[in-house]
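Subject: Structure for you to look at

Hello,

Here is the structure for your files. Please open it beside this email.

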Amino acid sequence: MKKALLNGHFYLERDKFAEAVLIEDGIIAAVGSNEEIRARMGDAETVDLGGGTVLPGFNDSHMHILNFGAKLLSVDLMGVRSIDEMVERVNAYIDEHHPAPDAVITGRGWNQDYFDDGPVIPTRQDLDRIKGDYAVRLTRACGHLVVANTRMIERAGVTAETPQPEGGRFELGPDGTPNGLFRETAGVALLDRATPAPTRADLAARIESTLAYAAHYGITSLQSNDVEDDNWQEVLSVYEELDRAGKLKARVYHQCCFMSAEPFQAFLAAGYRTGKGTDYQKVGPFKLYTDGSLGARTALLREDYADDPGNRGIECISAEGARTLVRAADAAGMQVSIHCIGDAAICRVLDIYEEILGDKPNAHRHGIIHCQIMDEGMLERIVRHGILVQAQPIFLHYDLHIVEDRVGKALAETSYPFGSLYRRGAPISYGTDAPVEDLNPFENLHCAVTREDLNGYPAGGYVPSERVDIASAIDIYTMGGAYTSFEENRKGRIKEGYLADLVLLDRDIFTIPEEEIKHTQALATWLG
């Protein structure tokens with residue numbers, strides 16, 4: 001099948017554009033002027049783009065397809081301005097969907113720092129105001145804190161005597177009973193066991209819903225953490241089934257999270273390794289969580305939180321436990337990507353990578369996901385060893401308002417150094433961590449280019465020396481993501497021999513004022 005896209009403004013690389021592209025069997029066969037492509041196109045179907053700007057498809061280098069799909073199909077709590085509004089949204093969901101009496105109602109997206117009456121974290125007593133006798137669990141935007149109502153706590157069998165799980169904790173209220181707050185692994189360890197597991201049909205619906213949403217924004221590749229200790233066989237099986245049926249509307253690179261050795265060894269024994277799969281879904285890196293989030297004060301710091309003395313965050317896995325698993329992954333030929341937000345977590349992981357690499361190049365392309373709270377010395381170590389950074393500039397929309405309170409002014413100003421990492425040659429890519437943030441790449445680009453929140457604050461940007469220009473940001477979002485998945489020679493550029501994954505924009509993103517970047521929309525998305 002041949003298709004000729006004519007009369008476009010195709011971005012090839014910095015300051016270089018073309019008018020037209022010829023596509024054959026999902027691959028870019030030629031790039032050039034309208035006349036050059038017409039001379040080669042034969043009986044190809046033609047599309048006149050009317051001068052529209054075309055980019056390579058965006059590549060989100062870290063997010064969670066299943067969790068985002070679950071969010072799309074559950075209670076959306078993004079943007080709530082109070083606990084009362086949280087309750088109202090759940091009640092409205094109940095009125096619209098009429099869940100079965102024994103259903104567990106889930107939602108995600110609340111952030112107490114956005115509440116009009118101040119940053120008060122909800123408790124079970126607040127959720128007990130929700131109508132009916134449903135078990136309810138509502139996850140904070142970051143995914144590292146869950147609040148449950150009394151019915152959910154009872155259903156999970158959690159009491160004051162329940163042992164605290166490794167890598168997490170649940171809190172007790174003034175009356176000595178659980179107050180509904182479950183941090184880090186506590187939600188998984190204690191609440192998930194009382195929540196019905198999704199069926200294969202549920203998993204497929206979540207995947208397809210997310211990929212359709214991604215296509216709406218010009219995203220053609222997603223690097224997603226869906227494969228985990230307790231579900232890896234079923235999740236990979238569902239993806240493989242959708243792939244065979246031609247139902248994957250984006251290319252998926254699996255970030256496979258194993259927090260213990262036994263399931264990971266079973267995964268390896270089944271023959272899974274980085275790169276196994278097809279053009280539409282393949283195994284990516286082994287993944288670990290080392291800490292939590294800055295917003296929930298569970299990111300692992302070297303010093304106490306400036307606004308919470310005595311707290312240095314939560315260690316999701318011991319340093320030795322992480323070292324053992326990472327060494328096993330590296331020995332098996334697996335790429336490794338590790339969730340690190342706090343400076344203590346980043347240092348621990350850099351120590352492990354340096355032990356493994358020594359003076360050798362980073363051939364397996366090991367990386368750090370998030371890589372937020374850091375100093376100049378840590379930045380230098382990342383650059384020296386070529387450690388990949390999978391960054392989320394969109395986090396600045398929220399974090400620039402809290403980071404100095406959390407870690408102090410000096411450390412805050414050396415954190416989120418995404419411009420410095422790029423300019424010094426560290427392999428960097430962009431993602432959204434959806435559903436922590438929306439999948440929208442244009443809001444992500446806005447934060448990378450302006451270092452302002454989505455409301456334009458602060459004028460000129462937070463630590464403006466870390467800004468990048470729009471061409472750099474697009475390269476990071478396309479070629480950077482392709483490098484992360486070892487596909488830089490066939491994805492991420494509009495170039496002969498590359499996959500024809502493209503997005504047509506509603507405006508010329510290279511010439512519009514910076515404040516308009518976030519308003520850009522995708523008019524069409526082509527996958528192959």
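Predicted model: local features only at pLDDT ≥ 70, side-chain atom pairs only at ≥ 80, totals over all residues.

Residues are numbered from 1 along each chain as its sequence is written, and side-chain values use heavy atoms, with hydrogens and water left out.

The sheet. Eight strands form an open sheet with parallel pairing, in the order β8-β15-β16-β17-β18-β19-β20-β21. Strands are DSSP runs of E, at least two residues, and helices are runs of H or I, at least four, both numbered from the N terminus. Two strands pair if DSSP finds at least two bridges between them. β8 (58-63) and β21 (428-430) are the edge strands, each pairing on one side only. From one strand to the next, the twist averages 25°. Angles run from 0 to 180 degrees between N-to-C directions, with axes fitted to C-alpha atoms, for helices over the stretch in contact.

β20 (residues 388-391) runs parallel to β21, and three bridges join them. Q390 has S429 as its bridge partner in β21.

The cores. A nonpolar core is a set of buried (under 20% relative accessible area, 1.4 Å probe, protein chains only) Ala, Val, Leu, Ile, Met, Phe, Trp, Tyr and Cys residues joined through side-chain atoms within 4.5 Å. The largest has 105 residues; F267, F286, L445 and I509 touch the most other members. Helix α11 (residues 343-357) gives the largest share, ten residues. Another core, of 22 residues, lies apart from it and includes V80 and C142.

Best wishes

Key
Buried < 20%, exposed > 50% of the residue type's maximum accessible area, 1.4 Å probe, protein only.
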